[in-house]
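Here is a structure to walk through step by step. Keep the 3D view open and follow along as each part is named.

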Amino acid sequence: MSDAQTVELAAVTKRYDGALAVDAISLKIKAGSYCCLLGPSGCGKSSTLRMIAGHEDVTDGHIMIGPRVVNDDPPAARGTAMMFQSYALFPHLSVAENVAFSLRMKGVARAERLDRAERMLDLVSMTEFSDRKPTQLSGGQQQRVALARALMTEPSVLLLDEPLSALDPFLRVRMRSELRRIQAEMGLTFIHVTHSQEEAMALADLVVVMNDGRIAQAASPREIYNAPRTPFVARFIGGHNILDDGGRTIALRADDVAILPPGEAAARRRARVSEIEYRGPDVRVGLETEAGETLNAVMRERAFFDSPLAPGADVAIGWRPEAAHELSRDA
Amino acid sequence: MTDATDTNAGVRPVRASAGRRGSGRAGTALAPYLQAAPMALVFLVFFVLPLAATIVVSFWQYTQYSIEPAFTAQNYGDVFYGCLADLPRLCTTFLTYLSTLKFCLIVWVTTLTIGFTVAYFLAFHVHTLKIQVICFLLCTIPFWTSIVIRMISWIPLLGRNGLVNQTLVGMGVIDTPLEELLYSDFAVILALTHLYTLFMVVPIFNSLMRIDRSLIEAARDAGAGGPQTLLHVILPLARPGILIGSIFVVTVVMGDFLTIGIMGGQQIASVGKVIQTQMQFLQFPLAAANAVILLAAVLVGVWALLKLVDIRKEL
């Protein structure tokens, strides 16, 4: 395997017929780290990934992989490999031939390339399927094959375009740890596009939240969750209430909201319980304040049932001063 | 993770309960057959019956002035008369089949080459549906006129004093006009290619349009160049279209007598032409036997092509 490389974007811009998809973003991704580009559809995350991969021309700016500017290099010369959203397995080739495709293009003899494909399939536990056609595989199996095929080119950067979105929730969680394991084992730089904040949190060393072609925030998952920069980030990653607090906009984690008896002196808001959602480990309590704000409180399941609430109950709300995190305005 | 305002959870689609089915009207079971009936009737009257008649007549006897019902293999024997005895010299029938096969093969290659190129252009380089439709209409313009007119229009172009010869002589490329432009193998191949390329374009275009574009990116990602992508990804995936187009072209060219007759100046033999001549001499049983043999030959060819691809699976 080749060594992991840093990926650096410098004022990278993408315009389609005048429409701005990616607006001068700059970003540095450390070698060997797992980076998630996170954002709603149309935020420019896929365009960014495709530009790094070389499947989309860069309108302006520079993309550097390791020490080189790769703007004009074809995909194979960049040391990147892409795993496509639809997996893009060749339907006319067997699993083994799919994985060996890049070697075949290099002119490696059949016996050798199939042998190497077999070893790669072993990494993703798919050896027993090597003679099958892709259509005979389940979504999860296809994905492993796609991963093996991408790794076969010995990339220094692996690009994954919404790799888990086609899988059912259980499989998604399993593949998540698998991706993480393979990334750690091979020590490659992974750049993974997703619209799921849960996926990004679970996988990434660096979460890059994008909105409208710009980076809203790029930080570690913990920092993003504890200190979202803007209301957009706070809303998108979830688990936050966004409140107006004396002229400031603050983000308040739902699990930092304390529900108090109605007469409590330390109360910051008075509210009425609008809904209760039982979620297993915890319970979400929907609240509506006197001023008409809606917010959510999340309580541990046991804590909730120690003094259960019912919709329509009047309560007071409080939070520790340090729990309120001030947001800057959306860019 | 405790996310209270999960942005991704979204709204679950509310699925309507399964619709009412099978309310049990007596007519519903019959409906699909009724829908298929008109086409079945057309097939029966205009295809199955004439074909059956041809097969029956091919076993009849004939004289110069009469045709009599019988059951004799005489006509089939006549078609191949002397063919085995004369080997290794080829008899007229074998030579005719060979000549027809030659045209078939050449026209297959030319229509495939041009048809694939055009289909590739339409599928991969024309990006809007509107332009694709316009280009398709352009391709079909030749079909707006009759086949005879289309062939006759080659004459002022290819004739001894036609445009091509005049231009070549005028440019000083040649001194005397080329004789073999018209009424020659070349003219036949040109006309057949012109007539039938569209039959290749349509099915190949259809196959190419069904290729997931990300497959081509995946090939590029794996280091494949343009020619490699074409050879290892696009061509294999276009195979069903190529085969369907090939079946069209091969069957049509094998039975052709009009184009070969007109463009060959009535000098080139083809199986279709033989059958037509025998019909003119009222040797219907002999013509029928020839037609059945031709049909068998074409069917073997189609069967062989189908062996190469399971069309039902790939359509």
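Which residue in strand 2 of chain A is the bridge partner of A:Glu8? It is A:Lys28. Keep in mind that this model is predicted.

Strand 1 of chain A covers residues 7-16. Seven bridges join strand 1 to strand 2 of chain A. The two strands run antiparallel. Both belong to an open sheet of four strands in chain A, with the order 2-1-4-5. The pairing in this sheet is antiparallel. Strand 2 (19-29) and strand 5 (68-69) of chain A are the edge strands, and each pairs on one side only.

Now step back to chain A as a whole. The domain assignment gives domain 1 (7-226) and domain 2 (240-326). The centres of domain 1 and domain 2 of chain A, taken over C-alpha atoms, are separated by 40 Å.

Across the pair, A:Leu243 stands opposite A:Ile250. Strands 11 and 12 of chain A form a hairpin with two residues between the strands. In this hairpin, A:Gly246 takes a positive phi near 60°.

Strand 12 of chain A has another partner to look at. Two bridges join strand 12 to strand 18 (residues 325-326) of chain A, and these run antiparallel. Here the bridge partner of A:Ile250 is A:Glu326. So much for the strands.

Next comes the nonpolar core. The largest one has 150 residues. Those with the most contacts inside this core are A:Val99, A:Leu159, A:Ile191 and A:Val208. The largest share of the core, 12 residues, comes from helix 9 (residues 185-209) of chain B. The core also draws at least three residues from each of domain 1 (7-226) and domain 2 (240-326) of chain A. In general, nonpolar side chains in soluble globular proteins tend to be buried together.

Zoom in on A:Val99. Leave aside its neighbours within four places in sequence. A:Val99 is then in contact with A:Ala117, A:Met120, A:Leu121, A:Val145, A:Ala148, A:Arg149 and A:Met152.

Turn to chain B. Its secondary structure comes to 15 helices and two strands. Buried residues make up 27% of the 315 residues in chain B. Take the contacts in chain B with a separation of 6 or more: residues 24 or more positions apart account for 69% of them.

One residue gives a close-up. B:Tyr120 lies in helix 4 (residues 92-125) of chain B. Is B:Tyr120 buried or partly exposed? B:Tyr120 is partly exposed, because 17 other C-beta atoms lie within 10 Å, and a buried residue needs 20 or more. The C-alpha atoms of B:Tyr120 and B:Ser207 are separated by 10.0 Å, although the two residues are 87 residues apart along the chain.

Where do the two chains meet? The contact takes 33 residues from chain A and 22 residues from chain B. On the side of chain B that touches chain A, helix 10 (213-221) and helix 11 (226-254) of chain B each give two or more residues. Helix 10 of chain B gives the most, with six residues. The residues of this side divide into nine nonpolar, seven polar and six charged.

Last, check the confidence. The predictor gives the complex an ipTM of 0.83 and a pTM of 0.79. The mean pLDDT of chain B is 84, and 89% of its residues reach 70 or more. Within chain B, confidence is highest in helix 1 (residues 31-57), at a mean of 93, and lowest in helix 15 (residues 311-314), at 56. Over residues 1-23 of chain B, pLDDT stays under 50. Where pLDDT is low, the predicted coordinates should not be read in detail.

How values were computed
Residues are numbered from 1 along each chain as its sequence is written. Chains are lettered from A and ligands numbered from 1 in the order in which they are written. This is a predicted model: local features need pLDDT of at least 70, side-chain atom pairs count only at pLDDT 80 or more; totals for chains, interfaces and linings use all residues. A nonpolar core is a set of buried Ala, Val, Leu, Ile, Met, Phe, Trp, Tyr and Cys residues joined through C-beta atoms within 7 Å. A residue is buried if 20 or more other C-beta atoms lie within 10 Å of its own, exposed if 12 or fewer, and partly exposed in between; C-beta atoms are placed from the backbone. Domain bounds come from an automatic or database domain assignment. Two residues are in contact if their C-beta atoms, placed from the backbone, lie within 7 Å. Ala, Val, Leu, Ile, Met, Phe, Trp, Tyr, Cys and Pro count as nonpolar, Asp, Glu, Lys and Arg as charged, and the others, Gly among them, as polar. pLDDT is the predictor's confidence in each residue, from 0 to 100. Two strands pair if DSSP finds at least two bridges between them.
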